[in-house]
Amino acid sequence: MAAEILGTHDTPGTGPGSLTVVSGPTAVGKGTVCAKLREDWSDQVWVSVSATTRQPRPGEIDGVHYLFVSDDEFDQMIANDDLLEWAVVHKAARYGTPRRPAVDAVAAGKQVILEIDLQGARQVKRSYPQARMVFLDPPSWDELVRRLVGRGTEGPEERERRLATAREELAAKPSFDHVIVNGEVGQAVDDLVGLLGLQRATSGRPIA
Ligand code: 5GP
């Protein structure tokens, strides 16, 4: 299975793809960084859309931000082995990576990005030791708290729960292959682009 997803067999006409996990504590900005990557580098990068049992937030679109599924549907996905990894996040809802689209994207030579929590990251590392593990780090604890409060998507109780999880998640940083500090989104995206070795297509015309 590891060989299948990581494209160690060559498909004619495609380069071997790769799998990169982007993880890090709640509110560090994983979603924003990965959305920017998806927006600007879609020719080379494919960002997985996770399934989740949580309710959509205002503005979130089914199939774009998440696949919003019922508990029964999620159970079915687990039973069918349709998920590459899955976890209960913040003791609140289940989240998982649909296996088939990720496998297909790797086979098509794409750099596949999974934006997932630490539990999922550990599962991927166990199943696919070749996966590149990137930890997105906040500039400071105070800044992380400020971002979580600032986005206003959680009530006080949920916020406390997420911060408790964040402390545990920060402790896992040394087990990652790479750490990118997300102080400013543009810089973090540039760092990730550099790490992935993405190249802008050139027109081939000399600069006047
Ligand atoms: P939110 O509810 O704020 O969108 O996401 C909560 C957390 O779930 C984030 O830390 C995010 O990285 C994580 N998450 C999103 N999709 C997945 C997934 O497919 N698998 C796992 N394990 N975690 C995910």
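D81 lies in the loop that joins helix 3 (71-79) to strand 5, where helices (H or I, at least four residues) and strands (E, at least two) are DSSP runs numbered from the N terminus. The phi angle of D81 is near 60°, a positive value in a residue other than glycine. The model is predicted, so local features need pLDDT of at least 70 and side-chain atom pairs count only at pLDDT 80 or more, whereas totals for chains, interfaces and linings use all residues. Residues are numbered from 1 along each chain as its sequence is written, and side-chain values use heavy atoms, with hydrogens and water left out.

A positive phi, near 65°, is also found at A27, again a residue other than glycine. A27 belongs to the loop between strand 1 (18-23) and helix 2 (30-40). With a relative accessible area of 12%, A27 is buried; buried means under 20% relative accessible area, exposed over 50%, and partly exposed in between, with a 1.4 Å probe and protein chains only.

Side chains of K30, R57 and Y95 each place a polar atom by an oxygen atom of the ligand: the distance is 3.2 Å for K30, 3.0 Å for R57 and 2.5 Å for Y95. Of the 520 Å² of accessible area that the ligand has on its own, the protein covers 94%; accessible areas come from the Shrake-Rupley method with a 1.4 Å probe, and for residues only the protein chains shown count as cover.

G186 is placed in helix 8 (residues 185-196). The relative accessible area of G186 is 30%, so this residue is partly exposed. Although G186 and K36 are 150 residues apart in sequence, their C-alpha atoms are 8.6 Å apart in space.

Note on methods
Polar contact = N/O pair within 3.5 Å; in protein donor to acceptor, adjacent residues only side chain to side chain.
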